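Q: I have a new model open and would like to learn how to read its features one at a time. Could you walk me through them?

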Amino acid sequence: MGSPLAPILADIFMNHLLEKKIEREEHNYLNITFLGYGGFASFKLKVFVRYVDDTLAVFNSEEEADRFLEYLNGLHPSIKFTCDKEAFEKLPLLDLLLIKDPYSSDENISITVYRKPTHSGVFTHYTSFIPFQFKLGLIRTLFDRAYKICSTWSLFHLEMENIVRMLSLNGYNKNFIYSVIEKELNKRLCNEPKLVTEGPDRKKVYIKLPYIGDMSMKVKGSIKRVLPGQFNLIFSNSYSKLNQKFGFKDRQPKHLKHDLVYEITCSCGRRYIGETCRALKTRFDEHMKTSGSGMTEVGKHLSSSPTCKITFEQCKVLTFESDMYRRKIKESLFIQQFDDGSLINDKMASVPLFLFNLPTHQDQLKGRIFPSYR
């Protein structure tokens, strides 16, 4: 979902699509009935819960699940559901793995952390040039996720072993990992009441410092000693990546560049502003035509002024734009910017400008305040 609004809009649409077909029991919101429509009869489900477009439903038989899938896919022509059924008493849902106990008479469900088969186990390596708090935060995040998801201590223990194994492969020392896990576990198991201070809360002031290695930690220690308890110091991940310094692709030569606005300067000082979607050299060669049909304003200028000369080196790219209408707007704006009476252009705007439409140089010489529309 590319847009930040996409999950919200998707949830609103799915809620509108499904809720009008649902009847809920007053004292048990999990047991719901889907109203029939068309050739479909109503469905009464033991459990139906939804998170955006991911749903969990419990049926009495596999055939009933298949019929319900057809029921959902008939609600809207643009919405097509897929179905994942439990296999080997397990069913993934989001980042949860639901495990059914085959030996339990009351169908108990256990929950643990789910990772896709494509999960590589690659995390931020311990030797990465980042603040130490980032590495500490990684362990705490993985621990907190497992602690909140795992429904039994045995599954939690297995998940901790899995986390230790993956972090060890990413360069983390096991003693360091165990020490962080022990501290986090003690925090959650300790029932000591939090100290409540009277009066208004003190405003937190943050100071952001760039991370440059050990020197950053020394500066942080010095500031804390001089101004104890007054600031919260954080380090920003402001260093640049290697690919920001070196391009992986060869630079496109000037004569092949396209979708741009360009400027051609004559040896006499006059200029021409234009735009093209084709290669710059192709358009430049068209301007150099000084006879016959199809001459441009540049060609007419060279034809009437034999002493003038223009080379491709005198052709400069002003900006790039792939959209044709926006490119013409930018061309018009550049024409207005460089309109000092020396332009060769016969038109002062490729498209009408309303917001930034200014009087031309000729209009200003005639004392006109408002632009004359062409």
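A: Gladly. Helices (H or I, at least four residues) and strands (E, at least two) are DSSP runs, numbered from the N terminus. In this chain there are eleven helices and 13 strands. The model is predicted, so local features need pLDDT of at least 70 and side-chain atom pairs count only at pLDDT 80 or more, while totals for chains, interfaces and linings use all residues. Residues are numbered from 1 along each chain as its sequence is written, and side-chain values use heavy atoms, with hydrogens and water left out.

Q: What share of the chain's residues is buried?

A: Buried means under 20% relative accessible area, exposed over 50%, and partly exposed in between (1.4 Å probe, protein chains only). Here 31% of the 374 residues are buried. For contacts, the criterion is heavy atoms within 4.5 Å. Of the contacts between residues at least 6 apart in sequence, 51% join residues at least 24 apart.

Q: How do I read a sheet, for instance the one with the order β6-β7-β8?

A: Start with pairing: two strands pair if DSSP finds at least two bridges between them. In this case the three strands make an open sheet with antiparallel pairing. Strands β6 and β8 are at the edges with a single partner strand each, so one side of each has no neighbour in the sheet. For angles, axes are lines fitted to C-alpha atoms (for helices over the stretch in contact), and values run from 0 to 180 degrees between N-to-C directions. From one strand to the next, the twist averages 25 degrees. Helix α3 packs on this sheet, touching β7 and β8, and its direction makes about 175 degrees with that of β8.

Q: Which residues touch the most other members of the largest nonpolar core?

A: A nonpolar core is a set of buried Ala, Val, Leu, Ile, Met, Phe, Trp, Tyr and Cys residues joined through side-chain atoms within 4.5 Å. The largest one here has 22 residues, and those touching the most other members are Ile139, Ala146, Met160, Leu167, Tyr172 and Ile177. Two or more residues come from each of α3 (132–149), α4 (153–169) and α5 (174–189). Another core, of 16 residues, lies apart from this one and includes Ile32, Tyr37, Phe48 and Leu72.

Q: Is Arg327 buried or exposed?

A: Arg327 is buried, with a relative accessible area of 3%. This residue is found in helix α10 (residues 324–338). To read its polar contacts, look for a pair of N or O atoms within 3.5 Å; within protein, one must be able to donate a hydrogen and the other to accept it, and residues adjacent in sequence count only if both atoms are side-chain atoms. The side chain of Arg327 reaches the backbone oxygen of Ser322 at 3.3 Å. Beyond neighbours within four places in sequence, the contacts of Arg327 include Asp259, Leu260, Glu275 and Cys277.
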